[in-house]
Amino acid sequence: MNGLTWALLGAMLAVILAGCGSALGVGLAGQAAAGVVTEDPSKFVKVLVLQLLPGTQGIYGLLIGFIALSKIGLLGGGAADISKGTGMMIFAACLPIAIVGLISAYHQGKTSVASIGIIAKKPDQFGKAMLFPAMVETYAILALLISFMAVSAIPV
Amino acid sequence: MAKLQMQRVSICALKRDRKAILEKLQSLGTLEVNVIEDESLTKMDTSPAKQRFDRKVHQTQTALEILNTYVPEKKSMFASLEGRRDVESHDFSQAVFSRKKVVDTAKRVAAVDKEIAEKKATILKMEAQIDSMQPWLSLEVPLDFKGTEKTGMLVGTMDPETTLENIYTYLKEFDDSLEAVEVDIISKDRNATYVSAIALKEILGKVEEALRLNGFTKPANPVNMVPKDYVEQLKVDIQSCEAEIADSKKEMETLAATRREIEMVADYYRMRKDKYEVLGLLPQSERTFFLSGYMPAEEVPKIEKEIASKYQCVVDIEEIKEEEEPPVVLKNGAFASSIEGVVESYGLPGKNDIDPSKITMVFFIIFFGLMLSDAAYGAIVSIVCFILLKKFPKISEGMRKSLRLFMFCGLSTLVWGLLFGGVFGDLVQIVTKTFFDHEIILKPIWFAPLDKPMLLLTLSLLFGVIHMFVGLGIKAYVCIKDKRYLDAFCDVGLWYLMLTGLILMLLPTDIFASISQMTFSFPPVVNTIAKVMAAAGAIGIFLMSGRSSKNPVLRLGLGAYDLYNITGWLSDILSYSRLLALGLATGVVASVINQMGSMAGKSVAGVIIFIFAFVFGHLLNMAINLLGAYVHTSRLQYVEFFGKFYDGDGRPFNPFKTNNEYVDIKED
């Protein structure tokens with residue numbers, strides 16, 4: 001594999017894994033949310049917010065994927081001629097958000113399900129219910145930060 | 001920035017004024033009833049009356065719901081924002097005066113609804129009967145036809161595969177003599193074969209037995225009419241039922257004209273129900289009754305004016321005692337009160353807390369703007385909130401606060417967006433490049449985060465340090481206010497000392513320089529001072545944190561454990577990197593959208609595709625990032641900020657007031 005392939009593989013993994021994680025998480029939470037809405041449609045907005053919380057990892061993956069693509073010149077303009085070493089560096093830089101995004105979004109989805117349970121029983125505790133899934137997201141943000149700093153620091 | 005000062009108000013008055021005083025209190029809506037128990041006084045059992053009113057509330061409420069299904073009110077999308085409607089007190093008392101009639105109307109609505117439902121059920125039943133008659137339609141005698149003088153008839157169903165020959169064979173097998181039998185197959189379908197058999201009365205019993213052995217069954221409840229006529233009659237009946245339903249629906253429409261009165265009466269009974277609930281709590285003697293509860297101190301003069309001076313009674317005002325836990329009401333100006341909803345959803349300030357609204361508000365809108373960081377999104381959010389606020393002046397209080405909060409957040413987003421040069425991402429650049437062949441780059445006022453992410457990261461962490469230092473400062477303020485000077489020094493002062501020392505030690509290092517691209521070089525004196533501060537702070541915390549414990553070993557252990565909290569500070573500060581991450585996410589996704597839209601190039605189709613991508617893409621991006629900014633800003637306040645100083649275990653104020661659903665009564 002040449003450098004460009006490595007870099008592209010990294011960008012794709014960031015989008016694919018983080019996106020899959022978010023899809024899993026949002027899907028889990030959506031099932032619980034639908035259950036609550038069957039009982040009480042007025043809670044729709046609150047449970048929708050909780051459902052969307054695990055969706056951000058997919059966006060973080062997209063962000064890293066996009067930056068990596070523009071780094072290697074695949075967006076508009078010709079592809080940059082990058083060495084195998086640089087390509088592997090970009091690949092490595094994409095891994096944090098790819099892996100942490102996948103796992104954290106899945107677990108954030110499970111936490112959202114539990115928080116939707118709070119809303120079902122005590123709708124006035126929305127602030128606290130929102131906090132639990134947001135705690136999980138911290139680690140996705142940290143991974144995003146490192147991926148971002150690494151990708152933008154790699155000279156091409 | 002304040003919790004309202006509460007006072008205990010106790011009223012002792014004559015029983016004959018009971019009704020008037022309670023009504024006055026209810027309309028003022030500023031007293032939370034909290035009765036002091038007294039064994040020597042009795043309480044009135046109001047539960048029968050309460051149940052009666054509850055039933056009336058239920059009746060009127062059901063009637064309104066039914067009316068809404070038959071004659072839906074035209075409502076705009078924003079109906080829920082409109083709030084209750086104003087009525088003149090004259091109109092209201094008129095509706096209340098004729099409440100008997102209105103309740104009867106409500107009952108009538110329920111009755112008509114029941115009639116309609118019953119008729120619909122009847123129609124369904126008749127339709128099912130018509131269906132079950134279909135196979136018999138060609139039969140020209142009634143199903144329960146008894147036969148003529150000599151012959152008898154059998155009708156019934158057999159297996160679907162049965163043919164005429166089969167039946168004759170069955171008969172023959174059963175008894176050779178059964179020959180004088182006329183069998184007809186009336187019809188066949190998937191489920192059964194429908195047959196009739198005519199025979200002399202003497203052998204009819206044998207025929208029936210022969211057939212029954214082969215799966216013949218008589219219809220469960222045969223009708224005594226020719227099937228065709230029966231179906232005709234059913235159809236006529238259905239039509240008349242439908243006509244009756246139409247009449248009932250018309251009646252519903254006329255009944256719907258009284259909807260407004262029903263609403264008022266529903267609210268009236270709701271009010272009375274609440275009143276009787278309170279009445280049941282009050283201790284009473286033979287001639288007097290006692291009432292006690294919490295009230296904001298600033299409302300007390302009103303009570304004195306409205307009640308003490310008008311009725312024969314004693315009104316006693318006391319300060320709250322040490323062991324009591326009064327309910328909490330926040331009172332802030334228009335700016336700071338916008339955040340009250342966010343503070344409340346964490347928890348109202350408890351006994352030892354101060355109201356953190358104002359300072360939280362400042363940080364909230366700064367962080368929110370930094371996370372959303374797109375000038376156009378900010379402007380849209382502000383304008384939408386502003387219009388909603390102007391258009392729906394009677395919107396509920398909580399909703400108004402939220403809208404105002406987002407309006408301020410939008411303004412802050414606008415400012416940050418301009419500083420970072422984000423207007424729908426890089427829209428200006430893409431549009432001018434794609435469609436006008438002349439690229440214009442909108443220069444950020446300060447810097448573009450994608451170009452200098454490290455600067456933004458440093459800024460985020462700096463905000464974090466400020467935010468948490470302010471939180472710690474508030475803790476010190478609370479301690480000093482309570483004259484706990486030692487606590488203020490040990491729990492806050494020492495931490496300040498150590499953290500400042502550590503930060504000063506960190507600033508000149510290479511690692512910091514490589515992150516922030518800023519180099520600090522302090523004179524050696526400062527470096528020494530920093531080390532001394534950090535060490536002194538650490539030793540102080542080690543020695544003093546466990547001061548509540550008498551056991552010296554345990555004390556030092558607790559101190560060491562508290563010192564370990566320094567890792568908590570590190571993770572708290574890093575947590576503020578979300579300001580950078582979310583800010584970047586908005587901008588990058590916005591430029592992805594713009595780039596996708598511009599892919600079709602400069603053509604008519606290209607412009608149309610661009611507009612589609614622009615509208616849907618940015619709407620989606622804005623919605624998701626608004627959510628993200630709201631959630632993560634709240635988190636920074638709840639975990640990192642409130643964690644430093646705030647308990648939030650206050651009890652919300654729940655005054656005795658009119659809980660109307662539909663109307664607000666204007667005072668004369």
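In which sense do strand 2 and strand 10 of chain B pair, and over how many bridges? The two strands pair in the antiparallel sense, over nine bridges. This is a predicted model. The points below cover strand pairing, a helix pair and the contact between chains.

**Strands of chain B**
- Strand 2 covers residues 6–14, and its partner, strand 10, covers residues 288–296.
- M6(B) has P296(B) in strand 10 of chain B as its bridge partner.
- Strand 10 of chain B is also joined to strand 3 (residues 32–33) of chain B, by two bridges.
- Strand 3 and strand 10 of chain B run antiparallel.
- Opposite V33(B) stands G293(B) of strand 10.

**Helix 6 and helix 7 of chain B**
- Packed helices are described by the angle between their axes and the distance between the axes.
- Helix 6 (residues 164–174) and helix 7 (residues 201–213) of chain B pack at about 115 degrees, with axes 9 Å apart.
- Angles of 65 to 115 degrees count as roughly perpendicular, so helix 6 of chain B is roughly perpendicular to helix 7 of chain B.
- Their crossing is right-handed.
- Helix 6 brings Y170(B), L171(B) and F174(B) to the contact, where they meet V207(B), A210(B), L211(B) and L213(B) of helix 7.
- The residues of this contact are seven nonpolar, no polar and no charged.

**Where chain B touches chain A**
- Chain B gives 24 residues to the contact, and chain A gives 25 residues.
- On the chain B side, helix 12 (340–346), helix 22 (566–575), helix 23 (578–597) and helix 24 (604–645) each supply at least two residues.
- Helix 23 of chain B has the largest share of that side, with nine residues.
- The chain B side divides into 15 nonpolar, seven polar and two charged residues.

Notes:
Residues numbered from 1 in each chain as written. Chains lettered and ligands numbered in written order. Predicted model: local features only at pLDDT ≥ 70, side-chain atom pairs only at ≥ 80, totals over all residues. Axes fitted to C-alpha atoms, helices over the stretch in contact; angles between N-to-C directions. Helix = DSSP H or I, 4+ residues; strand = E, 2+ residues; numbered from the N terminus. Parallel < 35°, antiparallel > 145°, perpendicular 65-115°, else oblique. Left-handed = near helix turned anticlockwise from the far one by under 90°. Contact = placed C-beta atoms within 7 Å. Nonpolar A, V, L, I, M, F, W, Y, C, P; charged D, E, K, R; others polar. Pairing = 2+ DSSP bridges.
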